[in-house]
Amino acid sequence: MPRKANGRADKNERGAGDQMPGGAMPAGASPSVNGMPGMTGGGGSVPGMSGGGGSADMGRDLQPPSRRQCGVMDVHRRLLSTSAEYVAARSYLENATTQYVANQQRFSGVAHIDVVVHVVWKTAAQNISQSQIDSQIEVLNQDFRATNSDVGIVPAPFTGLVADSRIEFRLATTDPGGNPTTGVTRTQTTSTGFSTDDAIKSSATGGIDPWPADRYLNIWVGQLGGGLLGYAQFPGGPAETDGVVILHSGFGTNGTAAAPFDLGRTTTHEIGHYLNLFHIWGDDGSGCSGSDEVADTPNAGGPNFGVPTFPKLSCSNGPNGDLFVNYMDYTDDRGMVMFTNDQVARMEACLDTVRTDLNQGSGPGTALPTPAGPVVSWDENRIDAFVLGTDRATYHKWWDGAAWGPSVSGYEYLGGVCMSAPEVASWGPNRLDAFVLGTDHGLYHKWWDGSAWGPSDTGYEALGGVCMSPPRVATWAENRLDVFVLGTDRALYHKWWDGAVWNDFEYLGGTCMSPPEVVAWGPDRLDVFVLGTDNAVYHKWWDGTAWGGFESLGGVCASPPTAVAWGPNRLDLFVIGTDSALYHQWWDGTSWSGFESLGGICTSAPTVVSWAANRLDVFVLGTDSALYHQWWDGTSWSGFESLGGICTEEPRVTSWGADRLDVFVVGTDGGMYHKWWDGTAWGPSVTGYEALGGVISDFKLDQPAPDQLPMPNGTAEAVLN
């Protein structure tokens, strides 16, 4: 594949042959939209693209600490010296963890933990706001899913250690009695402050009793003395004191949160302990003989404070030194940004052994955005597939974990006369948003809200525009949708749903020769890829504040780009070259790699999915129209394996859990066919497929919308059984 030099360049600095020229949307390009021709129903017109008692008095409120101090080891040593039950429980857990990690066991999907925040206050300032509590929950979900925007500060030698724990947190909605709750309790106290003696955890000593520790993560927030930022109890301790305690000025990101502990990382750190992580230096003082029982964290001589400069050497651990950017060190909030793979394994072992009841259900989760496409999964063992029938209407079928709905070969009719295959996104459980182009080349939308299709079973909401490409969609937060299309000038346009209203199309420039490809690897982050007039890949990005200009990533490409993100600030890009081989390049958080050839003679654009950090699965069609698969296991590429079949459309793939793949193709009879990887073998066989019926006219994502398509005669008649 011919390559061009990489390099970030503003689009206005390129020569005429290289640049993606801008220009206003052509006058008159937007029709008067009074409903989508051939689509019943539809929303309105969107023109154009245009307490008492207590512990010892701690004195008046103290100034926020300037140096991190965690009390977990005080609690740990006290329990070791006073509780034989704790000693036995800790021994059991370490043995179970060793076995669990060695067997590479993992719960499926994403663990969800219900949280209750106990606010214990004396002064009004200590009675922190709901907004401050919400900000902390948001930080936890970003940190534990490795979608925090500041993960980019990880030094290059350590970037491969960044791991997604697949753990998410939510404020409890039901209290121990089964009643609705906000997940927050508020207790007024006469105590001026608390220490590591657990007084804050009991109503008899000026605090508040916990909710059942097997079902809830109890977090107490209040005034702590002696420079203490927080402390946790390791798993295995008494249920009546199980949980974490945080200083109110070290909790969340607003309200009383005070620098340098105002980014919510104290709670991330303490929950790490709660899930069985030790400090990275092994708590042996300033020696080098301690261990955090984690293989991939370098041995360190002691805690790091502030924000060190890389490399920070100790214990003969050069050239890279201490992993001071880890959440389990003592740096300031802005200096700790990651868990490692082996730390994640310990936390997962904790949830699968002594804290099994704490996991309130597994599923794909919401912190890592779910990729959009004709096939999506919003929960464990749940698949929703969308196609166009021969009448150009949208049809839907689903797998609910037990059977295909509405039947093995049946489809649900959703109406419309569509000029593009459905592009579907899911921003939450039991939520689907589908986008198509109408015969007027306008953008249309329908949605499933968990109980019914909106605006009706067969109706669509008109979102306007005259679009020359199928829509591409990304979602990076609950109730957030970002849609990208090409206009009649082949420039890139963007509109978004912010949870309340649709915003008008925004012009992003360029002259694009392929539909856009969009990826969201974290909150308020978007990366868009297109081909330019030179058939090279171009990239622009939204960083949460502003759009970056188009940068050329080189190549001469024979397919639109396909991209995926398996972690924060990580992008993997795939194209077919002029020699029909598969090519790949990646962004590692610092720079683009340039293209590498993965071989093959491919007759379809690649489809790619990632079900774990540092894992990629790519599917293409070969010259024999069979399905071929190649994967990256974190160390090397596998080479292509043949999965059989005679396929007439590019494959579509989704993953609803770890080591799970579901692939869909169209056969020579126009029907949909399905095969799956269950973690051990391909089903129904290596080269076999499950027939799902139908006669499908469009399942592709890479084609421009056609200028004209035949209209169905009479009323829209379902042609998919």
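Predicted model: local features only at pLDDT ≥ 70, side-chain atom pairs only at ≥ 80, totals over all residues.
**Close-up 1. The aromatic pair of Trp404 and Phe664.** In total, 24 aromatic pairs are found in the structure. A pair of aromatic rings is described by the distance of the centres and the angle of the planes. For Trp404 and Phe664, the ring centres are 6.1 Å apart and the planes stand at 90°, so this pair is edge-to-face. Trp404 belongs to strand E11 (residues 404-405) and Phe664 to strand E35 (residues 661-666); the pair therefore ties together parts that are 260 residues apart in sequence. Both Trp404 and Phe664 are buried.

**Close-up 2. An aromatic cluster.** Four residues, Phe144, Phe169, Tyr327 and Phe339, together form one aromatic cluster.

**Close-up 3. An open sheet of four strands.** The strands follow the order E18-E19-E20-E21, and their pairing is antiparallel. Strand E18 (472-474) and strand E21 (506-509) are the edge strands, each pairing on one side only. On average, neighbouring strands of this sheet are turned by 25° against each other, direction ignored.

**Close-up 4. The pairing of E18 with E19.** Three bridges join E18 to strand E19 (residues 481-486) in the antiparallel sense. Within this part of the sheet, Arg472 stands opposite Phe484 in E19.

Terms used: Residues numbered from 1 in each chain as written. Heavy atoms only, no water. Pairing = 2+ DSSP bridges. Helix = DSSP H or I, 4+ residues; strand = E, 2+ residues; numbered from the N terminus. Axes fitted to C-alpha atoms, helices over the stretch in contact; angles between N-to-C directions. Phe/Tyr/Trp six-rings, centres within 6.5 Å; stacked < 30°, edge-to-face > 60°. Buried < 20%, exposed > 50% of the residue type's maximum accessible area, 1.4 Å probe, protein only.
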